[in-house]
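Trainee: Could we go through how aromatic ring pairs are read in a structure like this one?
Mentor: Gladly; let us bring it up and begin with a term that helps along the way.

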Amino acid sequence: MTLLKILRDKGDDYTVHGFRSSFRDWVAEKTNYPGEVAEAALAHAIANKVEAAYRRTDYLDKRKPMMADWAKFVAR
């Protein structure tokens, strides 16, 4: 909600979903980061209940370099 408010206050015609979608496309097309790490960064729930029960990590150590690379990419 915070990012959406910033965008609205600036008068930009962008959506938060667009940022999230762009991030996911960038991970898939331009990097070698695993999809499950990107999904964790987006805080997506795991649909498969059995998989969700066993995957208890937040991938924080793997997400840090991915997000640093994302920051470099969007700041170009």
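Mentor: Buried means under 20% relative accessible area, exposed means over 50%, and partly exposed lies in between, using a 1.4 Å probe and protein chains only. Please keep in mind that this is a predicted model, in which local features need pLDDT of at least 70 and side-chain atom pairs count only at pLDDT 80 or more, while totals for chains, interfaces and linings use all residues. Residues are numbered from 1 along each chain as its sequence is written, and side-chain values use heavy atoms, with hydrogens and water left out.

Trainee: How is a pair of aromatic rings described?
Mentor: A pair is described by the distance of the centres and the angle of the planes. Rings of Phe, Tyr and Trp (its six-membered ring) pair if their centres lie within 6.5 Å, and planes under 30 degrees apart count as stacked, over 60 as edge-to-face and the rest as tilted. By this rule there are five aromatic pairs. One of them is the tilted pair of Phe23 and Trp26, with 6.2 Å centre to centre and 35 degrees between the planes.

Trainee: Is Trp26 buried or exposed?
Mentor: Trp26 is buried, at a relative accessible area of 8%. Trp26 also forms a tilted pair with Phe73, at 5.8 Å centre to centre and 35 degrees between the planes, and Phe73 is partly exposed, with 31% relative accessible area.

Trainee: Which residues do ring pairs link into a cluster?
Mentor: The cluster consists of Phe23, Trp26, Trp70 and Phe73.
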